[in-house]
Amino acid sequence: MCDIPNIQKKMLKRNNILKLIKKYKTPLWVYNSDVIIKQIKKLKKFDIIRFAQKSCSNIHILKLMKHYNVKIDAVSLGEIKRAMIAGFEPNNNNIVFTSDILEKKVLKEVIKKKIPVNAGSIDMLKQLGKKSPGHAVWIRINPKFGNGHHIKTNTGGDHSKHGIWNPKQALSIIQKYKLNLIGLHIHIGSGVNIKNLYQVCDSMKKNAIQLNTKIQFISAGGGLKIPYSQEEKEANISDYFNKWNNTKKIISSILKCPIQLEIEPGRFLVGQSGILIAKIYAVKTIKKNTFVLINAGFNDLIRPALYGSYHQITVLYKNIKNIHNIPIIRSVIAGPLCESGDVFTVKDTGIILPRNLPKVSPGDYIIIHNTGAYGSSMSSNYNSRPFIPEILYKKKKFKLIRRRQTIQEMLSLETSL
């Protein structure tokens with residue numbers, strides 16, 4: 001059993017969870033707004049906090065961000081629409097569109113709404129410049145190095161598709177089409193080692209000085225880690241801010257213009273706020289492995305299957321038991337999908353790694369922790385399984401913020417033609 005963070009304990013009281021299960025069934029997502037607010041406040045020294053909504057894009061979560069003056073990063077037309085429904089006006093740099101391509105519908109929308117574009121390719125700048133001279137743009141710089149908790153989350157270097165390799169070439173295109181360069185952005189990956197994040201400061205300073213053009217903003221990107229296990233520690237935000245703030249001051253002094261410092265977190269704001277609750281339907285032993293089979297699969301939470309990610313797991317018994325007398329067994333937590341890789345307890349290589357957990361029976365429940373980021377937002381209808389509900393704990397009350405999708409709704413895209 002893993003310790004539960006104090007801020008989550010009130011939400012995770014046994015009676016609270018059992019009431020949610022009774023009302024909404026399993027599996028289901030639950031988020032704690034208190035955790036999100038706490039994380040936002042940790043970044044208050046930065047001039048601008050911009051939420052990478054791809055990590056958790058529920059409109060109600062976006063509304064919470066807006067209430068605390070957090071701006072929005074959108075990476076698709078759908079995310080632009082979500083942000084506007086949540087109340088973000090497409091002005092004052094409230095929404096920035098970040099991508100490496102500009103599809104026709106997106107191009108039309110960012111021009112119509114005058115949404116700044118964080119360009120990750122030269123072609124984006126050309127397409128935007130031809131249609132909308134004077135449009136506000138950022139250059140997303142590939143700093144020629146990257147990092148992340150997994151090779152698939154590394155967004156810098158010559159093996160990454162993201163960012164512009166030659167910022168000077170981008171500047172020449174911006175000048176040719178009379179685009180308005182307002183900012184420089186560097187993001188090297190998600191779940192990054194703090195030492196690698198400090199490298200970004202030096203790269204930002206070097207690139208800004210070389211471009212020698214007045215700008216309004218620099219972005220530290222995202223990638224801040226959260227502690228998924230008891231052994232991990234959160235990044236020292238104070239030190240991180242001081243390093244970046246010093247970088248900002250140097251750039252501002254050399255370019256002789258005022259500059260605001262942005263940070264663009266995703267998982268840091270929402271990751272620790274979320275849990276996934278699932279019901280145990282079968283327990284079976286195959287040689288030395290005891291498989292605990294639950295009704296949530298990688299169609300719901302793909303991170304373990306995709307990245308070999310670790311998540312804390314706790315047990316909730318259907319009936320109260322004396323937990324001190326329950327034996328601890330090596331358990332493999334797995335889902336219902338017709339896939340051998342549908343397992344939640346794995347090494348970073350994807351090989352199964354049994355977890356020490358109390359002995360359970362069908363009818364008991366499993367809680368998977370720290371699923372607020374890249375949980376629901378990466379879920380799918382694989383095996384024709386409907387999307388599951390999302391619940392938000394706010395002001396000591398639980399509110400349904402996305403109902404369970406019905407099978408009929410899922411099939412309607414194919415049957416209502």
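Residues are numbered from 1 along each chain as its sequence is written, and side-chain values use heavy atoms, with hydrogens and water left out. Because the model is predicted, local features need pLDDT of at least 70 and side-chain atom pairs count only at pLDDT 80 or more, whereas totals for chains, interfaces and linings use all residues. Helices (H or I, at least four residues) and strands (E, at least two) are DSSP runs, numbered from the N terminus.

The sheet described here is a closed barrel of eight strands in the order β2-β3-β4-β5-β6-β7-β8-β9, with parallel pairing, where two strands are taken to pair if DSSP finds at least two bridges between them. Neighbouring strands of this sheet are turned by 30° against each other on average, direction ignored. Strands of a sheet pair through backbone hydrogen bonds, either parallel or antiparallel.

Strand β6 is largely enclosed by the rest of the structure, because five of its five residues are buried, buried meaning under 20% relative accessible area, exposed over 50% and partly exposed in between (1.4 Å probe, protein chains only). In a regular strand the side chains alternate between the two faces of the sheet. In β6, Ala136, Trp138 and Arg140 point one way, while Val137 and Ile139 point the other way, and all are buried. Helix α8 (residues 167-176) lies across β6 and β7 and runs at about 165° to β6.

Two packed helices are described by the angle between their axes and the distance between the axes. Axes are lines fitted to C-alpha atoms, for helices over the stretch in contact, and angles run from 0 to 180 degrees between N-to-C directions; contact means heavy atoms within 4.5 Å. Helix α7 (residues 122-131) packs against α8 at an angle of about 5°, with the axes 9 Å apart, and the two helices are therefore roughly parallel to each other (angles under 35 degrees count as roughly parallel, over 145 as roughly antiparallel, 65 to 115 as roughly perpendicular and the rest as oblique). Ile122, Leu125 and Lys126 of α7 and Gln169, Ala170, Ile173 and Ile174 of α8 make this contact, and its residues divide into five nonpolar, one polar and one charged. In this division Ala, Val, Leu, Ile, Met, Phe, Trp, Tyr, Cys and Pro count as nonpolar, Asp, Glu, Lys and Arg as charged, and the others, Gly among them, as polar.

The axes of helix α3 (residues 33-42) and helix α4 (residues 59-67) come within 11 Å and cross at roughly 40°, and α3 and α4 are therefore oblique to each other. Ser33, Ile36, Ile37 and Ile40 in α3 meet Ile61, Leu64 and Met65 in α4, a contact whose residues divide into six nonpolar, one polar and no charged. For helix α5 (residues 77-85) and helix α6 (residues 104-113), the packing angle is about 35° and the axes are 10 Å apart. Here Leu77, Ile80, Lys81 and Met84 in α5 meet Lys105, Val106, Glu109, Val110 and Lys113 in α6, and the residues of the contact divide into five nonpolar, no polar and four charged.

Several backbone features fall in loops. In the loop between α2 (14-24) and β1 (28-32), which holds Pro27, a cis peptide bond joins Thr26 and Pro27, with omega about -5°. Lys25 lies in the loop between α2 and β1, and its phi is near 65°, a positive value in a residue other than glycine. Asn370, in the loop between β15 (365-369) and β16 (390-394), has a positive phi of about 55° although it is not a glycine, and Asn370 is buried, with a relative accessible area of 7%.

Cys201, found in helix α9 (residues 194-211), counts as buried at 0% relative accessibility. Not counting residues up to four places away in sequence, Cys201 touches Lys243, Trp244 and Thr247. By contrast, Glu232, in the loop between β8 (217-219) and α10 (237-255), is partly exposed, with a relative accessible area of 35%, and touches Ile226 and Pro227, again not counting residues up to four places away in sequence.
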